[in-house]
Amino acid sequence: MGELLKVPTMADYMAEGKQPEVLFWVGSAGSFDDRAKKITKAFVKILNKADVDFAVLGTEESCTGDVAKRAGNEFLFQMQALMNIEVLNAYEVKKIVTCDPHSFNCLKNEYPNLGGTYEVLHHTQFIKELIESGRFKVEGGVYKGKRITFHDPCYLGRANNEYDAPRALLKTTKADIVEMKRHKSTGLCCGAGGAQMFKEPEKGDMDVNVLRTEDALKTNPNIIATGCPYCNTMMTDGVKAKEKEADISVLDIAELIANSEEL
Amino acid sequence: MHYLPNIIFAVLLILGIGYFTKNVKKLIRNIKLGQDVDVSDNKSQRFKNMMRIAFGQSKMVRRPVAGLLHAVVYVGFLVINIEVLEIIIDGVFGTHRIFSGIGKPYGVLIGIFEVLAILVFVAVIVFWVRRNIIKLRRFWNKEMTSWPKNDANYILYFEMVLMTLFLVMNATDVSFQNMNNGNIVSQFIAPWFSGLPESTLHVIERAAWWIHIVGIFIFLNYLYYSKHLHIILAFPNTYYGSLKPKGQFDNLASVTKEVKLMMDPNADPFAAPPEGTEAEMPAKFGASDVQDLNWVQLLSAYTCTECGRCTSACPANLTGKKLSPRKIMMDTRDRLEEVGKNIDTNNGEFKDDGKQLLGDYITHEELWACTTCNACVEECPVSINPLSIILDMRRYLVMEQSAAPAELNNMMTNIENNGAPWPYNQMDRLNWKDE
């Protein structure tokens, strides 16, 4: 790692008596999963480059409770939610951005009714805003001529009807974007949702991530783009199962953008 | 004896509508066995959804072939029913084609009916072929055996027969053919009967007329026992369908109460209820039987027409797991029917039959295979949400029975202990920045 990342915490801002423009919700995967940490860092590089006044909660952040809720543990979810809301409200957080569509959905849709109302953006939406307002520019070119297919995360797409932001960002890389047959609202899940990430699948003919990888391989891509740390893991495993890891890389859109700008 | 046909007709009409009404009342009673849920908000948005999704068939065309064919049958059903009005008036008053007096417009109407009838006939044949010859996968899943499979075909046969009778009735109606006003299709059928004496034609015409209208009465009463109920319930179901983003799952208010109490440092967990109030029964978390679901979910179970679009989009089902969102809805309906019959035979009281939806109909394995991806919800042409039922039953398994798979229990313990689904210390959450 060449230059140091600037990652201030909300506590730092508080100490200076200032408010950041946006809170970056890193999420558990983004904090602890080795692959997802790279996505987190790529996004931070973009934030740094665009001079965005952001902060993280750091050690004050805790699991949103999303995965517990989908597993049926409403108690645990609400305990996590109420704890997080207390912290977020104490810091008077107004706007949140996250790289995880599950945190995005949970914070955006399920926290308000428990007392936590914030403007919540997925990182693809936030980067798109940065580009549109001229705060961040993508020259592109690194991926020119590459074929990229985008796997829609269920909790960004179907769950919240956001199909355009990730695609708009992919366009800026000047790559050739190829769609899978099942995409946008008919996109197939990667197999990780609903707490499946943390358990073995039920008995069946094949794993969901392999089926989804087959969908992607049919587009003959160089890169499978994702917008969710869990999808990224599942698709990476799928590509390995198909022994294609030498030819196809699985990258988050934040990484594609950061790489495009050689950040 | 001159009035005998009128009397027979009136009796059949009363029987047909009466028995149907009785079943509708039962249907409403069964749906009301569900928990209350507030769906009184956003009336105008709800009405718009109903007009767009049910009346306008907007989601049917996600699958263009089936969508187009269905639109034909649907429009045919709506429009040809105007003819049923004439038949009923004729039947009761002993008139013949009472509306024909209006002249030219009558021909236009009947002409439209005849064209639609032949289109419906063709569409229904194609439906039958898709089901029985091409054998589209979604019509042959495990849950589509015995009654569900036969039910689907009976409906198609019914429609074929009704359309045929309608056209034969017109073709053999000598005075109607002589009017030459609106017999667009039947004029080509009429020659098949040429050479028959007029009296025989009259008998055929009367027979077709009677069988047609009696067939409609039977079909009306068949609805309650069939997936075909969707022709009525699609409307309320799309009206009451969720208006929230699909990713938003409801927060259980009963849990919020408990969690807030738990987190309140001033709360006394052993406090007696205030003077004069009954101690509240603790709420049951999640659903193990149909009565635990809300009434919109139960309405949805009756609305499901078993088209299987949900199941054909379900990642778990596509990869050979036992979960089928359609089966979740069918099981819910079948169990609700069972509970309803139980109430009927026990003088209005439900007597415990030692069965429930969870376990006896829907297995744990099915519930745990769901990825909560909302593909089933997205696909449903009539706004059914099978995922909400799956989640409610998971809630029961986890919060009432602690019956989650072991790996999920580990994950949840991790969240409880260190605020992440993996066993990492919360104090290490920011370590990535310096790695």
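Me: Which residues touch the most other members of the largest nonpolar core?

Reply: This is a predicted model, in which local features need pLDDT of at least 70 and side-chain atom pairs count only at pLDDT 80 or more, while totals for chains, interfaces and linings use all residues. Residues are numbered from 1 along each chain as its sequence is written, with chains lettered from A and ligands numbered from 1 in the order in which they are written. A nonpolar core joins buried Ala, Val, Leu, Ile, Met, Phe, Trp, Tyr and Cys through C-beta atoms within 7 Å, buried meaning 20 or more other C-beta atoms within 10 Å, all C-beta atoms being placed from the backbone. Of the 149 residues in the largest such core, those that touch the most other members are Phe24(A), Ile46(A), Ala225(A), Ala254(A), Ile257(A) and Met393(B).

Me: Which helix gives the largest share of this core?

Reply: Helices here are DSSP runs of H or I, at least four residues, numbered from the N terminus. The largest share of the core amounts to nine residues, and it comes from a helix of chain B spanning residues 386-400, namely α18.

Me: Which element gives the most to the side of chain A that touches chain B?

Reply: The contact between the chains takes 57 residues from chain A and 56 residues from chain B. On the side of chain A, the elements that give two or more residues are α2 (27-32), α3 (34-49), α4 (66-71), α5 (74-90), α6 (101-110) and α9 (208-217). The one that gives the most, with seven residues, is α5(A).

Me: What separates the centres of domain 1 and domain 2 of chain A?

Reply: An automatic or database assignment gives chain A domain 1 (10-131) and domain 2 (138-260). Taken over C-alpha atoms, the centres of these two domains of chain A are separated by 22 Å.

Me: Where does the largest share of the side of domain 1 of chain A that touches domain 2 come from?

Reply: The contact takes 27 residues from domain 1 and 28 residues from domain 2 of chain A. On the side of domain 1, two or more residues come from each of α2, α3, α4, α6 and α7 (123-132) of chain A. The largest share, eight residues, comes from α3(A).

Methods:
Contact = placed C-beta atoms within 7 Å. Buried ≥ 20, exposed ≤ 12 C-beta atoms within 10 Å, placed from the backbone.
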